[in-house]
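Me: I have a structure open and would like to learn how to read it. Could you take me through some features, one at a time?

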Amino acid sequence: MDLTQNDKRYHAKFDRLAELFDNSNTGIWEMNDSGEMVFYNSNFYNNFDIPEKYLNLDDWIAIIHPEDQAYFNQNISSHNKSRQESFKSEYRVFDKNEKIHWIAAHGIAQFDDHGKMISMIGSHTDITLDREYKSHLYTMAYIDERSNLYNRKKLLEILKEHVENHIDFTFIVISALKYDQHIAVYGPQFVDALSTIASKTLKATLDDDTTLFRVSNDDFAIISTTITSNESAINVVKRVRSTMNDLLESYNLNGFLKMTAGVLQYPTTLPNCSAEDVFKSAYITLNEAKNLGEGTISFYSEENKQIALKKLFIESHILKDLRNNRFYIDFQPIVNASTGECICFESLVRWRSEEWGIIPPDEFIAIAEGTREIIQIGDFVLDQACQFIKEYNRCHHSKTKVAINISVIQILQSDFIKKMTHFLEYYQLEGSLITLEITETIMINHSTFVASQLNALKALGINIALDDFGSGYASFNTFLSIPLNEVKIDRQIMLKSINNPLVANFIQSIVQLFHHHNLQVVGEGIEDLDMVDYAKLSGIDMLQGYHFSRPMDRETALNFSPCCIATK
C-alpha cells in the first residue's frame, strides 16, 4: 500500500493508539476503497493468523466462518449502498488453532461527494466470552436440561409472538411419560437418559417448521404453522406415538408410553385471546382427553372448555362452599304403597354455587369421592338429616324415618360407627329412624371390614338399604351376604317395566326373592298412577317419585303431612 507523508504521520498516531489496545481483546483496523486493510495492533490479530500488518479484505474474509461469510458480504454491500457513516456487525472467525471466536465489528466510513466510499476505520472486539455467557443464560432460561428442547418459558414467548403477529398455528400438548412413577421403578438416571433419547427421536420425527417443547416432566408441546386440520394433527400425534413406541420397544419397554393429546387451532377455534389463554385452553383440552382415557386425542371447543372449567371449579371449591353454606339438603317423601302414608324422607344433597348456580350431585359426588372430600360432605348431610327428622317427628308426633346416601369412602373410615353413634345420641334418635342407602359399589368392593361396619350399624338399629338396584353389576351371592333391610329398584328399571313384559316379569320375580329374605322393596321414579298400580301389583312395598312430590327444601318438607297420599 503506497502511503503519503501525511498518511504516515496519521498512521503513527494510530500506532500509538493501537499500543493501548495491545493488551486488550480489541483490534484497530483501517480499509481504503480498494479493500486494502491495515491492522494496527499485532498482539490482537496474531491470534487470528494475520501474519502481516497490511492485507486485503479477502484475507480477512477467508478466516470468517463459512456460514457467516454471506452475511458479512451482504452487510458490506448494504452499508455502501445506504451510505451510512457508522456500522456494526457480529460474526464468527477462526483463530490460528481453528477455534471459533465471535467478533463484534464497529466502524465509521467516509464517502466522497458522489457517494463512493473512500475509507473505513474501526475496531474488532472479541466477544466470545460474552456470547458464551449469554448463550449459557439463554440455555438456563429457555432450554430444558434433560431433553435439550425449548422449555415452557420459551413456549409462552413464542405463543405470545404468534398471537401478537396474528400468525395462524396449531398447538398440540402431549402427555407422554409418567415420569415420577417410572423413576420409582427404573431410577432417575435411566428415565432421564430415556427422556433425552425420546426428545431427540421426537424432534427428528417432526417437520422443520414444527417446534417441539418440553413443558414438564410428562408433557411435550408442538407448535406448527403448517398443521391446518384436525386430520393432520391426528396424523402428527399418531406418527409421534408410533415413533416413540418403536423406540421404547427397542429397550423392551412395552407399555411404558401412555400418550394423550389436546389439540387447539388458533385462531380458528379460539379467536381474540391472549397467549396465556391459548396455553390454558390447550391444557384444559388435554385434561379432557385424560378424563376420556389414556391414548385419547381431544380437540378444543368452547363447550368442552366450559365442562372442564366447571370440573376444575368443583375440584377446588367443594370445601370452601361447604364452609360458606352453599350446600343444602332437599327432602323427598317415600310412601307406603298400601296406605299412602309418608313413612320416610330421602335426604338429597344440593350445591348452589355463586359461579355456576345449581351443581347436580352427579357432577360433584364422584369428584368428591376421588378427593375424599365426600367425608366432609357426608358429615354435613348426616347432621342436617338427623336434625330435620328430629324436628319433623316432634312437629307431627310421628315416627317417620330419614334415608341418607352414604359413600363407600365413608364406610371405610374407622371412626364412621363412632360418628353415627354421636349423631344418634346428640339428636336423641332411635337407630330405627335412620336408613343408610348404599350402592352396589360397596357390594362389588365387598370386604370383611365393610361387612363388619354394616353389622355394627345394624347393631345400632340403623336400617341399611341398597340404592339403585339394577344399575350395577353386583352378584346375588354378594348381595345376599350384605345385612340389608331394603332394596330400592332403579327408576330406569321401573320405567322400562311399564312397556316391557320381560322387565315386568323380572321385577315381580326379584320382589318375591327379596320378600323371601325379609327385605322390603322401594320403587323409585314413580311418576303417575299407572306406575303406582303396576308397582302395587308387583308387590312393591314403598314408592318414591314425582307423582307424590318433587324434592322439597327443609321448611316445605317440615310442613309436609305424613298422612295418607292417594295411591289409587
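Predicted model: local features only at pLDDT ≥ 70, side-chain atom pairs only at ≥ 80, totals over all residues.

Me: Where is Leu 460 found, and which residues does Leu 460 touch?
Reply: Helices (H or I, at least four residues) and strands (E, at least two) are DSSP runs, numbered from the N terminus. Leu 460 sits in the loop between H17 and strand E17 (463–469). Contact means heavy atoms within 4.5 Å. Not counting residues up to four places away in sequence, Leu 460 touches Ile 417, Met 420, Thr 421, Leu 424 and Gly 431. Its C-alpha atom is separated by 8.4 Å from that of Glu 430, 30 residues apart along the chain.

Me: How do I read two packed helices?
Reply: Two packed helices are described by the angle between their axes and the distance between the axes. The axes are lines fitted to C-alpha atoms, for helices over the stretch in contact, and angles run from 0 to 180 degrees between N-to-C directions. Take helix H15 (residues 416–426) and helix H17 (residues 448–459): they pack at an angle of about 15°, with their axes 10 Å apart. H15 and H17 are therefore roughly parallel to each other (under 35 degrees counts as roughly parallel, over 145 as roughly antiparallel, 65 to 115 as roughly perpendicular and the rest as oblique).

Me: Which residues of H15 and H17 meet?
Reply: Phe 416, Ile 417 and Met 420 in H15 meet Gln 453, Ala 456 and Leu 457 in H17. The residues of this contact divide into five nonpolar, one polar and no charged. Here Ala, Val, Leu, Ile, Met, Phe, Trp, Tyr, Cys and Pro count as nonpolar, Asp, Glu, Lys and Arg as charged, and the others, Gly among them, as polar.

Me: At what angle do H11 and helix H12 pack?
Reply: H11 and helix H12 (residues 361–371) pack at about 55°, with their axes 10 Å apart. That makes H11 oblique to H12. Lys 310, Lys 311, Ile 314, Glu 315 and Ile 318 in H11 meet Glu 363, Phe 364, Ile 367 and Ala 368 in H12. This contact of H11 with H12 has five nonpolar, no polar and four charged residues.

Me: How many salt bridges are there?
Reply: Side chains of opposite charge can pair when their charged atoms come close. A salt bridge is a side-chain nitrogen of Lys or Arg within 4 Å of a carboxyl oxygen of Asp or Glu. By this rule the count is 16. One of them joins Glu 315 to Lys 311, with the closest N and O atoms 2.5 Å apart. Because they are four residues apart in helix H11 (residues 302–323), about one helical turn separates Glu 315 and Lys 311. Glu 315 is partly exposed at 30%, and Lys 311 is partly exposed at 28%.

Me: Which residue forms a salt bridge with Arg 326?
Reply: Arg 326 pairs with Glu 354, the closest N and O atoms being 4.0 Å apart. This pair links distant parts of the chain, 28 residues apart: Arg 326 is in the loop between H11 and strand E12 (327–336), and Glu 354 in the loop between strand E13 (342–353) and strand E14 (357–359). Arg 326 is partly exposed at 23%, whereas Glu 354 is exposed at 66%.

Note on methods:
Residues numbered from 1 in each chain as written. Heavy atoms only, no water. Buried < 20%, exposed > 50% of the residue type's maximum accessible area, 1.4 Å probe, protein only.
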